[in-house]
Amino acid sequence: MLNEALRLIRTYHDLTQSQLCNELGISNSYLSEIEAGKKTPSLDLLGKYGHRFNLPVSSLLFFSESLDENKKTDRLRVGVAKKVLSLLQWVDSKR
């Protein structure tokens, strides 16, 4: 979920991968792999995202998938995160 949230944040702000890579100081291939879910961003990179988009890192970590889905609170958090992603995807599709 984190990879999709990062992609949607970027597209919501009308940035290409290349533009964001230049701002964050990372390679296009690295960002592409993160957004595809092939790599996990470091906390340092999430901090850069947070700074760039004026978001707390904790908000980005909300979409982290490493949860124990057997706990009721974690199941609820995953459900809410999926709903938020669905809303962001809907907004992205309307652009």
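This is a predicted model: local features need pLDDT of at least 70, side-chain atom pairs count only at pLDDT 80 or more; totals for chains, interfaces and linings use all residues.
Student: At what angle do α1 and α4 pack?
Tutor: Helix α1 (residues 2–12) and α4 pack at about 30°, and their axes are 12 Å apart. Helices here are DSSP runs of H or I with at least four residues, numbered from the N terminus. Axes are lines fitted to C-alpha atoms over the stretch in contact, and angles run from 0 to 180 degrees between N-to-C directions.

Student: Parallel or perpendicular, then?
Tutor: α1 and α4 are roughly parallel to each other. Angles under 35 degrees count as roughly parallel, over 145 as roughly antiparallel, 65 to 115 as roughly perpendicular, and the rest as oblique.

Student: Which residues make that contact?
Tutor: On α1 they are L2, L6, I9 and R10, and on α4 they are L46, Y49 and F53. Contact means heavy atoms within 4.5 Å. The residues divide into six nonpolar, no polar and one charged.

Student: How do α2 and α4 pack?
Tutor: Helix α2 (residues 17–24) and helix α4 (residues 43–53) pack at about 105°, with axes 10 Å apart. That makes α2 roughly perpendicular to α4. L20, E23 and L24 of α2 meet L45, K48, Y49, R52 and F53 of α4. Those residues split into five nonpolar, no polar and three charged.

Student: And where do the axes of α2 and α3 come?
Tutor: Within 9 Å of each other, crossing at roughly 110°. That makes α2 roughly perpendicular to α3. From α2 the contact uses Q17, S18, L20 and C21, and from α3 it uses N28, L31, S32 and E35. The residues here divide into three nonpolar, four polar and one charged.

Student: Changing topic: how many salt bridges are there?
Tutor: The count comes to four. A salt bridge is a side-chain nitrogen of Lys or Arg within 4 Å of a carboxyl oxygen of Asp or Glu.

Student: Why would such side chains pair?
Tutor: Side chains of opposite charge can pair when their charged atoms come close.

Student: What does E4 pair with?
Tutor: E4 forms a salt bridge with R7, and the closest N and O atoms are 2.8 Å apart. E4 and R7 are three residues apart in helix α1, so about one helical turn separates them.

Student: Is E4 buried or exposed?
Tutor: E4 counts as buried, at 17% relative accessibility, and R7 is partly exposed at 22%. Buried means under 20% relative accessible area, exposed over 50%, and partly exposed in between, with a 1.4 Å probe and protein chains only.

Student: What about E35 and R10?
Tutor: Their side chains meet in a salt bridge, 2.7 Å from N to O. This pair links distant parts of the chain, with E35 in helix α3 (residues 28–35) and R10 in helix α1, 25 residues apart. E35 and R10 are buried.

Student: Which residue does K39 bridge to?
Tutor: K39 forms a salt bridge with E33, the closest N and O atoms being 3.3 Å apart. K39 is partly exposed at 39% relative accessibility, and E33 is partly exposed at 28%.

Terms used:
Residues are numbered from 1 along each chain as its sequence is written. Side-chain values use heavy atoms; hydrogens and water are left out. Helices (H or I, at least four residues) and strands (E, at least two) are DSSP runs, numbered from the N terminus. Ala, Val, Leu, Ile, Met, Phe, Trp, Tyr, Cys and Pro count as nonpolar, Asp, Glu, Lys and Arg as charged, and the others, Gly among them, as polar.
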